[in-house]
Amino acid sequence: EAIFKERTRDEWGDLFSNIDACCTPVLELHEAIEDKHLRARDMVFDLDHPVEGKIKQLGFPIKFEGSNFEVKLPPPMWGEHTEEILAELGYCADDIERFKARKII
């Protein structure tokens, strides 16, 4: 640990870049979505969201020749399916209304 603290992440990356070793930096989220390897594999794409506008999404990681991954719906809004899921779990409409009244959901 002490040795790794002697250099920055990027300095270690540069040091290992010309060595045949399995070493790569752990990227911050903003760095990862711009990574050339992820972009080349179509792992990050922009999606038009009806409320949020353009948002970045992760693509399907498993690639097969001739296969085509397609996003058909935008991600749900926060809590969009809460009532539906609670009903599927067996909560009745009165329970769900009580949860809403008590600001549990």
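Helices (H or I, at least four residues) and strands (E, at least two) are DSSP runs, numbered from the N terminus. The model shown is predicted: local features need pLDDT of at least 70, side-chain atom pairs count only at pLDDT 80 or more, and totals for chains, interfaces and linings use all residues. Residues are numbered from 1 along each chain as its sequence is written, and side-chain values use heavy atoms, with hydrogens and water left out.

**View 1. Phe60 lies in the loop between β2 (53–58) and α4 (82–88).** Phe60 has a relative accessible area of 38% and is therefore partly exposed; buried means under 20%, exposed over 50%, and partly exposed in between (1.4 Å probe, protein chains only). With neighbours within four places in sequence left aside, Phe60 is in contact with Met43 and Phe69, where contact means heavy atoms within 4.5 Å. Phe60 and Glu70 stand 10 residues apart in sequence, and their C-alpha atoms are 8.7 Å apart in space.

**View 2. Trp12 and Phe16 form a tilted ring pair.** The structure holds 4 aromatic pairs. In the pair of Trp12 and Phe16, the ring centres are 6.2 Å apart and the planes are at 35 degrees, so the pair is tilted. Rings of Phe, Tyr and Trp (its six-membered ring) pair if their centres lie within 6.5 Å; planes under 30 degrees apart count as stacked, over 60 as edge-to-face and the rest as tilted. Trp12 and Phe16 are separated by about one helical turn because they are 4 residues apart in helix α1 (residues 9–16). Trp12 counts as buried at 14% relative accessibility, while Phe16 counts as partly exposed at 24%.

**View 3. The rings of Phe60 and Phe69 are stacked.** Their centres are 5.6 Å apart and their planes are at 15 degrees, so this pair counts as stacked. Phe69 is partly exposed, at 43% relative accessibility.

**View 4. Phe4, Trp12 and Phe16 form one aromatic cluster.** The charged end of Arg7 sits over the ring of Trp12, 5.1 Å from its centre. A charge sits over a ring if NZ of Lys or CZ of Arg is within 6 Å of the ring centre and within 35 degrees of the ring normal.

**View 5. Helix α5 (residues 93–101) has the buried residues Asp95, Ile96 and Phe99.** They cover an arc of only 95 degrees around the axis, so they are on the same side of α5; the arc is that of the directions from the helix axis to the C-beta atoms. Ala93, Asp94 and Ala101 are exposed on the other side of α5. What covers the buried residues of α5 includes α4.
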